[in-house]
Amino acid sequence: MKESPFSAPPDAAAQLGRLGLFTHSAQEAAFLRAEWEVIGARVRQIGLYGGLAFLAATFTDLAVLGPSPVYWSFLAVRFVVLGWGLWLARAARQPLKDDGRRVANALLGFISSIMLIFLLVVLAYGGSAEYHSITALALIFACYAYVPVLRREAMAVGPVFTLLFAVVVATSLRVDAKFVNIAVVLFGFANLAGWQIAVSLNRGMRLAWLDRLRLQQEAQAAQQARAAAEQSEQNLERLFDAAPMPLVLVRTADARVLRYNAAAKTLFDPADRYKDAIFTTDFYAQPQQRQQLLARLQAEGAVRQVEVQMKTAEGRPLDVLFSMRMVRFAGEDCVITGMVEITAQKRLEQQLRALAHTDPLTGLQNRRGFFHLVDQAIAQSPADGPGPCVILLDLDHFKRINDQYGHPVGDEVLVEFAQVVLALLRDGDVFARMGGEEFCILLPHARAAQALEVAERVREFIASHPFHTAAGVVRLSLSIGIAGCDARASSIDDVLSQADKALYRAKQGGRNRSELYCA
């Protein structure tokens with residue numbers, strides 16, 4: 001992924017409009033360029049497969065219209081649309097170097113032309129409205145759920161197509177009152193749900209991109225996404241099959257899965273292990289999370305973009321973003337859940353967080369990581385008990401080693417020193433490199449006398465230990481300052497200040513010695 005030419009502002013969500021797109025064109029263009037590998041792939045699929053599928057419908061034209069002038073006209077138009085789709089697929093394969101307006105216009109025109117020609121085909125076919133409504137609903141939902149929104153005008157395609165289809169149905173097709181009632185509900189629901197899905201996907205993609213930028217800058221991230229809800233059983237089956245994101249319909253009473261689409265099966269059970277009834281409780285890594293989500297769902301009516309730890313049928317862990325809504329299905333209370341897997345993003349977040357707290361040379365905690373652990377130890381220590389002990393270590397005359405043997409040898413000494421000291425510490429003790437030749441040990445559950453004993457053990461061992469390097473054996477000694485006199489410390493600054501004062505006394509006292517600070 002290519003980086004954007006600008007960094008994400010702190011209040012990034014405020015820059016998203018009600019359609020889920022960036023309000024600033026420069027920011028929208030930067031997003032498209034950065035995410036074009038994913039968005040362009042979808043545009044290529046729409047152009048290629050959409051054009052081929054549209055051309056394949058010519059066999060239906062021939063069966064219905066016969067080799068008539070109307071049929072030949074439709075055939076020519078379908079070839080034109082196929083050529084348009086192939087051009088779109090080819091253009092989307094190229095790296096996006098501008099603001100993407102050319103491809104966005106072509107995609108909008110391609111989708112609009114398919115829907116317009118579909119209306120002309122309906123006029124030419126005639127017949128019952130029910131026959132054509134299924135295809136119209138599929139087109140509407142595919143437009144919302146799969147076609148990436150590259151221009152704001154694209155959000156109007158679904159409503160405009162619905163109105164034009166209603167005009168065609170009212171003027172040219174056979175309808176009855178029962179169909180009208182059902183059609184109003186289905187088409188209204190498809191547009192409302194589809195609009196929400198499209199807006200959610202728009203916002204999710206852009207917020208996820210902003211989160212990845214923050215993750216690169218601050219070693220923090222979060223991904224967002226949400227899924228959609230359906231009510232009608234027949235409509236759910238069609239919408240589930242068309243949806244590119246995992247969707248699951250669950251009965252609230254017993255957690256039984258009533259419906260799931262191919263994307264959900266691929267995510268949770270690709271090996272087809274489950275043959276009988278499936279229950280969502282089998283897939284929660286922490287079963288209590290389900291009860292917490294249901295309680296929140298009952299209280300708020302919806303749950304949006306919540307991180308949940310799941311597992312596959314094989315037991316492989318997954319991190320997933322959940323969006324949930326209560327629905328009535330077949331006369332029962334159910335929950336429709338949409339999800340997006342964020343396992344890779346969470347793993348990257350953890351790796352970056354670890355790198356932010358790790359010294360690259362020795363593999364120890366760095367200064368930032370050590371401060372964090374000391375703060376935790378102080379906060380977790382009993383109010384009436386002593387705070388943690390800190391041992392500050394400084395390698396005596398380490399500059400001479402670098403000057404005499406060179407920095408590579410000095411690095412060898414630092415690495416071996418870190419390994420030797422780690423071997424001398426207990427489980428639960430924390431060892432960190434504070435910078436240069438200065439190191440620090442955190443003893444979370446130790447009193448001053450114990451800390452002094454640990455410090456002396458380390459100092460004596462280092463003084464007698466030969467450090468084998470490329471330049472031969474090198475000897476070291478340590479000056480050590482210890483902070484912790486069985487009194488609770490108020491902050492890390494107090495602890496380190498005390499240890500630093502003790503270290504100064506150790507150096508002034510001739511080095512190769514340990515000093516304990518006591519106020």
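User: What makes β3 and β4 a hairpin, and which residue in the turn has a positive phi?
Analyst: β3 and β4 form a hairpin with 5 residues between them, and G315 in the turn has a positive phi of about 95°. Strands here are DSSP runs of E with at least two residues, helices are runs of H or I with at least four, and both are numbered from the N terminus. This is a predicted model: local features need pLDDT of at least 70, side-chain atom pairs count only at pLDDT 80 or more, and totals for chains, interfaces and linings use all residues. Residues are numbered from 1 along each chain as its sequence is written, and side-chain values use heavy atoms, with hydrogens and water left out.

User: Why is α2 called roughly antiparallel to α4?
Analyst: The axes of α2 (residues 36-56) and α4 (residues 69-93) cross at roughly 165° and come within 8 Å. Axes are lines fitted to C-alpha atoms, for helices over the stretch in contact, and angles run from 0 to 180 degrees between N-to-C directions. Angles over 145 degrees count as roughly antiparallel, under 35 as roughly parallel, 65 to 115 as roughly perpendicular and the rest as oblique. The crossing angle therefore makes α2 roughly antiparallel to α4.

User: Why is α6 given that label with α7 too?
Analyst: The axes of α6 (residues 129-145) and α7 (residues 157-172) cross at roughly 170° and come within 10 Å. That angle makes α6 roughly antiparallel to α7.

User: Which residues of α6 and α7 meet, and what classes are they?
Analyst: Contact means heavy atoms within 4.5 Å. Among the residues in contact are A129, H132 and S133 in α6, and V157, G158 and P159 in α7. By class, the contact has 11 nonpolar, 4 polar and no charged residues.

User: What makes β7 and β12 edge strands?
Analyst: The open sheet has 5 strands in the order β7-β8-β6-β11-β12, with mixed pairing. β7 (430-435) and β12 (513-517) each have a single partner strand, so one side of each is left without a neighbour in the sheet. The twist averages 20° from one strand to the next.

Methods
Two strands pair if DSSP finds at least two bridges between them. Ala, Val, Leu, Ile, Met, Phe, Trp, Tyr, Cys and Pro count as nonpolar, Asp, Glu, Lys and Arg as charged, and the others, Gly among them, as polar.
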